[in-house]
Amino acid sequence: MLDISAAEWTAILLSLRVAVIATLVATPFGIALAWLLARKDFWGKSVLDAVVHLPLVLPPVVTGYLLLLTFGRRGLVGGFLADHLGIVFAFRWTGAALACGVMSFPLLVRPMRLSIEAIDRRLEQAAETLGAAPFKVFFTVTLPLALPGVLAGMVLGFAKAIGEFGATITFVSNIPGETQTISSAIYSLIQTPDGDAAAGRLVIVSVVLALGALIAAEWFARRATARLHGN
Amino acid sequence: MLRVDVEKQLGEFSLSASFSSEGRVTGLFGASGAGKSSLINIIAGLLRPDRGTIVIDGETLDDTASGIHVPAWRRRIGYVFQDARLFPHLDVAQNLDYGRRMNRLAPDRAQHARVIELLDIGTLLDRRPGKLSGGERQRVALGRALLSKPRLLLLDEPLGALDEARKLEILPYLVRLRDEANVPMVYVSHDAAELRQLATQIVMLRQGRVTSFGGVKVLT
């Protein structure tokens with residue numbers, strides 16, 4: 001049907017890998033931050049909130065450049081990680097995952113935060129009186145009750161990650177097989193004579209992936225909500 | 001043996017209550033706004049007193065002078081709330097088992113069976129709280145608290161959210177509980193008739209102060 005070439009498959013699979021890793025790594029941080037923002041009052045909370053939302057409003061090329069300065073080979077963090085832990089982000093697919101993770105983070109955190117804010121805290125008190133220590137309350141009551149929001153945040157973050165372009169191409173360039181995701185492949189193909197057909201195929205793939213993610217998010221949210229209302 | 005001597009400022013309202021009780025069911029009586037719920041939340045450890053002590057069976061749970069505050073989850077004090085507060089994501093059996101799991105207690109088949117029989121909730125075990133009636137929910141909440149093996153059970157107007165018919169449905173279970181469960185209770189209510197049936201001792205609370213203390217006859 002769609003005659004997808006090997007090179008196109010490479011870009012599709014790379015996009016999926018980048019987005020899945022970015023989402024999975026970002027999720028625990030997202031849950032922790034959502035909990036912090038929903039529950040705690042501390043000095044600098046509004047600054048932290050603003051910093052998390054920054055990738056949403058900054059030009060992606062700026063975010064990508066800042067990532068390059070920080071996590072590049074000669075960057076403060078990047079240099080340390082490369083020398084001491086052997087983790088390299090610059091011009092690697094891992095860097096693409098980092099860029100996608102950062103760019104999708106605000107979208108991932110938001111539903112998680114809202115669902116934690118919506119939890120009836122009196123249920124957590126009840127758990128406490130039954131002998132549950134705070135971290136057990138979190139894992140047996142708070143997190144299960146926040147599950148619809150956590151899943152919605154993951155799917156939204158995934159959808160954003162798979163479509164990310166500006167920060168990724170700025171940070172890790174556009175190397176086929178290493179950092180060339182669907183978005184950057186489409187960008188290259190549009191600039192190539194006779195690239196229209198291939199670009200069109202990738203456009204269809206990305207539309208299907210985005211729609212699939214949205215439908216999955218809806219389905220998860222509905223199932224989880226039904227579970228919470230005791231059906 | 002429960003000894004309470006606490007002060008707590010909550011906005012405009014000041015609570016200053018002192019009593020000790022050895023009764024099987026201590027009735028905490030007073031109009032709404034008298035400070036009953038605040039007092040019981042302090043006993044449970046959900047609220048921290050500004051000043052004072054709470055001692056159960058010789059163990060100090062709160063003593064502001066020496067900085068002692070045992071957190072609620074370590075107090076082994078069961079709490080039945082007016083609104084049941086069953087966990088909506090767990091079925092009835094899992095709700096009942098929650099306290100045992102959190103306290104890492106070994107399964108106690110005999111107690112489990114006895115509580116389920118006492119409260120008549122055997123047919124509800126695989127249901128979700130969303131599918132229970134108000135009275136059923138309250139019975140499950142009672143069972144859940146009892147099965148965590150508390151040394152004291154606090155009941156905050158457990159019939160308050162129920163209509164008359166439902167109250168009459170639950171009351172006999174509470175009487176059985178008092179006579180058979182062998183756990184001392186503090187029972188909060190603004191309903192004198194209810195306390196006359198259940199309580200063995202009364203602490204009367206008015207505007208944050210204990211105004212009288214004694215047998216059920218103080219309820220006249």
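The following legends describe close-up views of a predicted model.

Local features are described only at pLDDT of at least 70 and side-chain atom pairs only at pLDDT 80 or more, whereas totals for chains, interfaces and linings use all residues. Residues are numbered from 1 along each chain as its sequence is written, chains are lettered from A in the order in which they are written, and side-chain values use heavy atoms, with hydrogens and water left out.

**View 1. The interface of chain B and chain A.** The contact (heavy atoms within 4.5 Å) involves 23 residues of chain A and 24 residues of chain B. About 2,200 Å² is buried between the two chains, and carbon and sulfur atoms give 60% of this area; buried area is the accessible area (1.4 Å probe) that two parts lose on being put together, summed over both.

View 2. One salt bridge (a side-chain nitrogen of Lys or Arg within 4 Å of a carboxyl oxygen of Asp or Glu) is counted between chain B and chain A. R122(A) and D83(B) form a salt bridge, with 2.8 Å between their closest N and O atoms.

**View 3. Strand 1 of chain B and its partners.** Strands are DSSP runs of E with at least two residues, and helices are runs of H or I with at least four, both numbered from the N terminus; two strands pair if DSSP finds at least two bridges between them. Strand 1 (residues 2-10) pairs with strand 2 (residues 13-21) in the antiparallel sense over nine bridges, and V6(B) has A17(B) as its bridge partner in strand 2. Two residues lie between the strands of this hairpin, where G11(B) has a positive phi near 65°. Strand 1 also runs antiparallel to strand 4 (residues 51-56), to which six bridges join it; L2(B) is partnered there by I56(B).

**View 4. Two loop residues of chain B with positive phi.** R85(B), in the loop between strand 7 and helix 2, has a phi near 55°. N182(B), in the loop between helix 5 (164-180) and strand 9 (185-189), has a phi near 65°. N182(B) is exposed (over 50%), at 74%.

Terms used:
Buried means under 20% relative accessible area, exposed over 50%, partly exposed in between (1.4 Å probe, protein chains only).
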